[in-house]
Amino acid sequence: IKKIGVFTSGGDSPGMNAAIRSVVRTCAFHNIECVGIYRGYEGMIEGDFKPMDARSVKGIINKGGTVLKSARSLEFMTPEGRKKAHQHLLDANIDGLVAIGGDGTFTGAMIFNEEFDFPVMGIPGTIDNDIFGTSHTLGYDTALNTVVEAIDKIRDTASSHNRLFFIEVMGRDAGHIALNVGIGAGAEEILIPEEDLGLERLLESLRRSKQSGKSSSIVIVAEGDKIGKNVFELKDYVEENMIEYDVRVSVLGHMQRGGSPSCFDRVLASRMGVKAVESLLDGKTNLMVGLLSDKIAVTPLDQAVKGKSEINMELLRVSDIMST
Ligand code: F6P
């Protein structure tokens with residue numbers, strides 16, 4: 001391997017810049033070239049490349065978003081699109097790739113590897129933490145802290161007005177963000193896709209909390225929750241069935257994906273970047289770098305995509321006890 005291409009793809013997440021920096025500097029350390037590929041697979045198809053040296057990534061470790069930009073490419077899903085991308089990589093003498101993104105990014109990378117036998121390593125970057133083979137994806141820790149801070153602020157106004165708030169948080173089909181911020185911010189209830197609480201139990205729990213003297217309440221709802229109602233319908237449902245509460249809804253949205261990465265995410269990104277590049281230099285391919293028991297470990301990309309990132313069931317119990 002003489003020249004590595006690095007790109008970010010899919011939904012951005014805090015820590016992606018720190019990972020780009022790590023990939024670029026690890027290449028420089030090993031005296032090989034590094035090229036930034038803009039807008040993920042879109043830029044690969046168009047040949048939107050830029051050589052990157054160690055100094056070109058100064059001052060980005062603390063920045064949210066991704067300096068290489070990100071996109072979700074439909075064209076890369078076609079054989080023609082991938083062929084164009086391959087030709088651009090060959091023309092630029094790029095002989096290895098580091099893909100930073102989530103499961104869609106890794107699926108694309110695997111297909112590309114299969115078709116062209118192109119060496120590729122993955123770094124999990126998504127706030128959702130929904131990737132098998134790592135306890136933490138890049139950006140997850142930062143998102144947790146961003147969301148907890150936002151909920152703390154909502155709680156201030158909720159308690160001033162004795163209100164009940166339904167707060168929707170991101171996570172796609174996974175409840176990791178909801179469960180952790182729910183405990184961290186002291187929510188009454190947490191609705192996640194992995195556990196069907198049921199509407200009756202929700203009402204009961206809210207009634208109980210009212211009777212126990214609580215004047216305000218926070219219910220965290222994961223965007224992928226399967227209770228059958230979205231946050232606005234939940235508001236209507238609770239208002240119809242429990243007149244004692246003045247109910248409001250807050251959908252936190254994309255602010256959850258922004259902001260300066262936490263120290264944890266910066267360190268994780270730095271470790272993952274080193275491992276991704278050094279794995280390519282060792283002749284490895286088709287693997288994702290992850291964190292397992294605080295050690296950097298690799299998992300085959302297909303397992304990372306197909307495997308399920310299990311929710312920590314102990315947290316569900318802790319949450320139940322805490323809302324007593
Ligand atoms: O995967 C990250 C994520 O922020 C999810 O939590 C959310 O469901 C989705 O991306 C939103 O995607 P978009 O930015 O395309 O609206």
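Strand 5 (residues 120–124) runs parallel to strand 10 (residues 287–292), and two bridges hold the pair together. Across that pairing, Gly-122 sits opposite Met-288 of strand 10. Helices (H or I, at least four residues) and strands (E, at least two) are DSSP runs, counted from the N terminus, and two strands pair if DSSP finds at least two bridges between them. This is a predicted model: local features need pLDDT of at least 70, side-chain atom pairs count only at pLDDT 80 or more, and totals for chains, interfaces and linings use all residues. Residue numbers start from 1 along each chain, as its sequence is written.

Both strands belong to an open sheet of seven, ordered 3-2-1-4-5-10-11, with mixed pairing. Its edges are strand 3 (49–51) and strand 11 (295–300), each pairing on one side only.

Strand 7 is joined by three bridges to strand 8 (residues 217–222), and the two run parallel. In that pair, Glu-189 faces Val-219 of strand 8.

## Val-24 in helix 1

Look for Val-24 in helix 1 (residues 16–29). Val-24 counts as buried because it has 27 C-beta neighbours inside 10 Å; the cut-offs are 20 or more other C-beta atoms within 10 Å of a residue's own for buried, 12 or fewer for exposed, and partly exposed in between, with C-beta atoms placed from the backbone.

Leaving out residues up to four places away in sequence, Val-24 touches Val-6, Cys-34, Met-52, Ala-54, Ser-56 and Val-57 (contact means C-beta atoms, placed from the backbone, within 7 Å). Val-169 is another story: 145 residues from Val-24 in sequence and 33 Å away in space, C-alpha to C-alpha.

## Helix 9

Helix 9 (residues 263–281) has 19 residues and spans 27 Å from first C-alpha to last, close to the 27 Å expected at 1.5 Å a residue (1.5 Å times one less than the number of residues). Its buried residues include Asp-265, Arg-266, Leu-268 and Met-272. After helix 9 comes Gly-283, with a positive phi near 85 degrees.

## Around the ligand

Among the residues surrounding the ligand are Gly-11, Thr-126, Asp-128, Arg-172, Glu-223 and Arg-257 (near means a C-beta atom, placed from the backbone, within 6 Å).

Methods
Contact = placed C-beta atoms within 7 Å.
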